[in-house]
2 protein chains.
Amino acid sequence: MSRQRVIAYDSTLRDGAQAQGVSFSVEDKLKIVQRLDKLGIGYIEAGNPGSNPKDLEFFARVGELNLQHAKIIAFGSTRRIGITAAEDKNLQSLLSANTQAVAIFGKSWDYQVTDILRTTLEENLAMIGDTIAFLKSQDKEVVFDAEHFYDGYKANAVYALNTLQAAADAGANVLALCDTNGGTFPNEIFEITQAVVARFPTLEIGIHCHNDCEMAVANSVAAVQAGAVQVQGTINGIGERCGNANLVSIIPNVQLKLGLECISSAQLAELTTAARFVSEVANVTFNDKAPYVGHDAFSHKGGMHIDAVNKNPKSYEHVSPNMVGNERHILVSEVAGRGAILNKLQQIDPTLTKESDEAIQILEHLKALEHEGYQFESAESSFDLLMQKLLGKFQPFFRLKQYSVYIHEPSVNGINSSATVHIYVDNQESEVTAYGDGPVYALDKAMRKALEPFYPIIKDIKLIDYKVRVLDSNLATAAKVRVMIESTDQQSNWTTIGVSSDILEASWLALKDAIEYKLFKTKKV
Amino acid sequence: MSRQRVIAYDSTLRDGAQAQGVSFSVEDKLKIVQRLDKLGIGYIEAGNPGSNPKDLEFFARVGELNLQHAKIIAFGSTRRIGITAAEDKNLQSLLSANTQAVAIFGKSWDYQVTDILRTTLEENLAMIGDTIAFLKSQDKEVVFDAEHFYDGYKANAVYALNTLQAAADAGANVLALCDTNGGTFPNEIFEITQAVVARFPTLEIGIHCHNDCEMAVANSVAAVQAGAVQVQGTINGIGERCGNANLVSIIPNVQLKLGLECISSAQLAELTTAARFVSEVANVTFNDKAPYVGHDAFSHKGGMHIDAVNKNPKSYEHVSPNMVGNERHILVSEVAGRGAILNKLQQIDPTLTKESDEAIQILEHLKALEHEGYQFESAESSFDLLMQKLLGKFQPFFRLKQYSVYIHEPSVNGINSSATVHIYVDNQESEVTAYGDGPVYALDKAMRKALEPFYPIIKDIKLIDYKVRVLDSNLATAAKVRVMIESTDQQSNWTTIGVSSDILEASWLALKDAIEYKLFKTKKV
C-alpha cells in the first residue's frame, strides 16, 4: 500500500441526496458527475438502483459520458435474509446499472444485526460474503461499506472485524469503515483504523464519516493519518442530519497540510467554483463561512487584522486563497474603519488619503446606510457603485419619474400583475407597461423594456438569484427587508442590494443597481 | 488541577462580533449575557473597551445584572511598545470596564513580533509581563491569550513557551493557547497542549480555536483531552472568516462523550433554545444542520433509517435529542415513502393503514405538490393543515372572493401600497382596504382587519419571520418562489409555506395557512 495517494470518493448524489431539502433530477446528476470528474474525484457514488428506479435512466446516460478520472459507483445492500445473492432483486437492479465498480453496505455492529435486521450474527456474515462473492463473479470492483463499524468495534471488536474478514475473504477490493451515527472522536477513529490497517495490510481501507459531533472532517483526516487511502464524503458536506464529511475541506487538508496527493494543483484551484456549482445545482444555500471555499474564508474585518494581512497574509491566513481558487476580501464595515474603505476608494481615485474630506464623508454615509440595514460586505457591486456616485464619477443613465404596480387575485389567464415604469433618458421619455405573473417580475420586465431602446446591452443581463431577508422580524411585515440580487452576463456575476420596508421597493433598488452597474462597467471599458 | 470540570468561556460578544454581518447593540449584548449565564457559561468575554467606546455603556449596565454563574471579561491587548502599562490608554479603558476578570492577548509567534508588531522579541516579553503585573496589581483575575500560539510553537517552541513563562511569572491565572489562523490539526493540538500542561502544572490552561480547517471543535476537544480546562468559543461558532470553535457542539461533546462536567444536565437541556436565541439576536440564519441543536440533527428521511429508528433510536442517533433540548423529526418526503406519512396521518385518524385509499391518494397529492416546489419538511404546520383538509377534517373559516393590491412609487407620506381583501364568513361579507409601506404588509393588514370581527383571537398572532427562496433561478423573476412564514402566539411558533411564481400570491398562501392553522388549533381545544 502506498500512502502517497488518497482517493476522494464522492457520495453527494447518493448519501447527499438523503439530506433534508435535497433532491436531484437526472440532468442535475449528470451535470454534477461531469464537474466532479473534472475536479479529479476518483469515485462517484451516484445512486441506489435497487431503491430508486429513476436512477436507472441516470446510469444508462452516464455510461455515455467520456469521464477522465472518475469511476461511477452503483450502491446497494447485501442480499436479503435467507435467499441467494443471485435471487436478490436489488442486486439484479444493481447489476443493471452496468458500472465497473459497486459499493455494498452491510452491518458490522452486532446489535444492529440482531435487533434491527433481526437475524443471526452468522447469517449476516454469510450475507456479506455471498453478496460480494456474487458481485466479484460478475467482474465488479467491490467497495464494502461496513455500516456502524466504529460503534460496532467499540461494542464487539471481534465481530466487527469478522464482518470485514467475510468481505475480504469474498474478494472485496476496499473495506470502507463507516461512522454512521457520527458519534466517534478523532482519537478513537485513529486507533481503530490503525488496527484495521494492520489486520488487512493488502487491502485498501476507506473512511466514511458523519458530522453529528462537528468532527467529520477531523475524523476523516485522522483515518488517513492512520493509513486509510480512500475518503468518502460529499461536496459541501451535504447529507442527512448534520451532514456527511465535507470533501471540500478534506481534500485541501490532506493535500496542503499532510502533503499527500489527492487531486492536481490545477484541480485544487477549481475547488471553490466546483463547490459553489454543486451548491447551486443542489439548490442549497452556499455557506459563506465554509472553510477554504466560502466567501468569508479569507475575509478580514477587524482593523488590526487588515493591517497585519496587508503586511503579510500569513499573519491571519493558514493557506493562500488562490491555491483553492478563492480570494481575499477586505471587508467594508464600521469595525474595519477607514483603512478598508480607503483601500476601495484608492482603487477608484489613487490620490485620496485617510484624511481626505471625501473619505471622511463617505465613512459617515456608510455608517448611516449600515444603520438602515444595508450590508455591503456581500454586495460589492452596489458598494462600488455607491463609491462612484459619492465621488461624483457616476453619470446617471436614466431618471425615474414614477413606477406603479397593480396586482389582483384571482389572476386572469395566469397574469395577475401589471407594472408601469416611466423614465427619462436625457430628454427622451419612455413609459412602458408590462404584465406578468408576480409584481417583481412585471416590474423587472417593465424597467428593462423601458431602457432597452436606449441601452440594448441590457438584453445580456440575466438575474440568477434573488434573496430576501427580513431585518427586524419583531415588526413582521412592517419590518425592513433586504433584497440581494445576483446577476450575470455569462462572463461575470455581480450582486446588488436594496433595503426598504417595502419588498417591491427594495427589489426595485437592487434591480436598478444591477442594471446601472453593468452599464457603468461597459461604459468604462 | 482537577480534570473533572471544564469551564466554558464564551466570546460571542467579542470575537464573534468580528464575524461578517454581525453587530450587537448594547441591548442585544445584555440579553445574550443573561441567557448565557442561565446556560451555565463560566466566563463571558463581552467586549474590548479600548477599541470600542460604545462598550463602556455595556460594561456599566452589565454590572447591575445579578449573574449566577458567569464572570464578565473585558478584553484588551498588551501595552504598546516603549511605554509603561500604567500609561497605556487602552489598558486604562480596560480597567474602566470595572470587571473582576480581564483577558489580555499578546504575541507568541516570533515572526509576528518582529514582522507585524515590529519590535524585539525581548520587548514583546516585557510587554506581556508588564501588562499582566499591572493588572494583577489592580486585583484582576487575568487570562493570557497567547495569540498564534500553535503556529508560534511549531516555528520556535522555545520562544512561544517563553511568552507563556512571562505571563506566568507576572501572575496570570489562565494561559489560553490560541490557534488564531485555524490551521492546526487535532493531533498537533493534543501534543503541544500536553507539553504546555506539563510545563505549567499549577496554572489553568485554556484553548481558543478557529474553524479554517473545519476542525475547531475537534481541536478544542483534543486540547481538553490533553489537559486544558478552559474552552473558549462562541455560540453557533459565530466568528471571523470560518468562525470560532462552536461551544454549542463542544459542551455536549465534552459532557456526554468525555464524561467531564461543564454545565448541569438541566442547563444542557436548554442548549437548543439558547443556541436559537443567540442566532436570532445576532440576526444570523440558524443552521438547520447544526450538530446537536439543528432542526435536522435528529431528522430521519430515508425509509430504512426511519424503520430502524422506530425500532431503536440508537440505530441512527449518537445521543438522545432530549438531552440537549432537541427533538426527533420524521420527515415527510418522496424518499421517505408511505411509512413517514402514515405516522402523521395516524396522529389525525388512528384507523388509517398503509393500504388505505386515503393514504395512497394523499401520497400522490404530496408528490405533485413537492414537484411544484412545496417542501413540507420545514413547514409542518402547513402539512398538518393539508392532511386535515385532505381527510375532510377541516371546515374553512372563510372564503376569498378577491384581493387586489396597488403599489406606486414615489410613495405618499411613507405609504406606497393599498390592499383590498374581500371575503365571506358563512353568509356575511367583509371587504376591507388597508394601507401600508409595502404590499405584503398592506395585504397582511387587510386580511387581518377583514377577519378580526369574526375571529378576535387573530390579534394574538404575530409574524416573526418571513423567508423567500427562488426555486429555479434560471427563470429569474419569472421563477417560482417559496415563501416560508413563522408565526407565534407567544406560547408556540409555527411555520407555513406558500409557493407561486408571484411572490405576493406565495405570501398570501403562507399568511392564510398561518391564520387558518391557529384558528383550527384553537377550535380543536
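Author: A crossing of two helices is called right-handed if the near helix is turned clockwise from the far one by less than a right angle. In this predicted model, the crossing of helix 5 of chain B and helix 7 of chain B is right-handed.

Reader: What makes helix 5 of chain B and helix 7 of chain B roughly parallel or roughly antiparallel to each other?

Author: The cut-off for roughly parallel is an angle under 35 degrees, and helix 5 (residues 121-137) of chain B packs with helix 7 (residues 157-169) of chain B at about 25 degrees, their axes being 7 Å apart. The two helices of chain B are therefore roughly parallel to each other.

Reader: Which residues of helix 5 of chain B and helix 7 of chain B meet, and how do they divide by class?

Author: From helix 5 of chain B come B:Leu121, B:Leu125, B:Ile128, B:Gly129 and B:Ile132, which meet B:Tyr159, B:Asn162, B:Thr163, B:Ala166, B:Ala167 and B:Asp169 of helix 7 of chain B.

Reader: How do you know whether helix 5 of chain A and helix 7 of chain A are roughly parallel or roughly antiparallel?

Author: In chain A the axes of helix 5 (residues 121-137) and helix 7 (residues 157-169) come within 7 Å and cross at roughly 25 degrees, a value to be set against the limit of 35 degrees under which an angle counts as roughly parallel. Helix 5 of chain A and helix 7 of chain A are therefore roughly parallel to each other, and helix 5 of chain A passes helix 7 of chain A in a right-handed crossing. The residues that meet include A:Ile128 and A:Gly129 in helix 5 of chain A, and A:Ala166 and A:Ala167 in helix 7 of chain A.

Reader: What do the strands of chain A close into, and in what order?

Author: Eight strands of chain A close into a barrel in the order 1-2-3-4-5-6-7-8, with parallel pairing. Neighbouring strands of this sheet are turned against each other by 25 degrees on average, direction ignored.

Reader: How do you know that strand 7 of chain A and strand 8 of chain A pair?

Author: Pairing requires at least two bridges between the strands, and three bridges join strand 7 (residues 204-209) of chain A to strand 8 (residues 230-233) of chain A, the two running parallel. One of the positions concerned is A:Gly206, whose bridge partner in strand 8 of chain A is A:Gln230.

Reader: How many residues are in contact between chain A and chain B, and which element of chain A gives the largest share?

Author: In the contact of the two chains, 86 residues of chain A touch 85 residues of chain B. The largest share of the side belonging to chain A, nine residues, comes from strand 11 (residues 399-412) of chain A, and by class that side has 35 nonpolar, 31 polar and 20 charged residues.

Reader: Why is the relation of chain A to chain B called that of a two-fold axis?

Author: Chain A is superposed on chain B by a rotation of 180 degrees with 0.0 Å of shift along its axis, at an RMSD of 0.1 Å. That is the relation of a two-fold axis. In chain A, the C-alpha nearest the axis belongs to A:Tyr406, 2.2 Å from it, and the same surface serves both copies, as 98% of the contact residues of chain A recur in chain B.

Reader: Is the peptide bond from A:Glu409 to A:Pro410 cis or trans, and what is its omega?

Author: The bond from A:Glu409 to A:Pro410 is cis, with omega near 5 degrees, and A:Pro410 lies in strand 11 of chain A.

Conventions
Residues numbered from 1 in each chain as written. Chains lettered and ligands numbered in written order. Predicted model: local features only at pLDDT ≥ 70, side-chain atom pairs only at ≥ 80, totals over all residues. Axes fitted to C-alpha atoms, helices over the stretch in contact; angles between N-to-C directions. Helix = DSSP H or I, 4+ residues; strand = E, 2+ residues; numbered from the N terminus. Parallel < 35°, antiparallel > 145°, perpendicular 65-115°, else oblique. Contact = placed C-beta atoms within 7 Å. Nonpolar A, V, L, I, M, F, W, Y, C, P; charged D, E, K, R; others polar. Least-squares fit on C-alpha atoms with pLDDT ≥ 70 in both.
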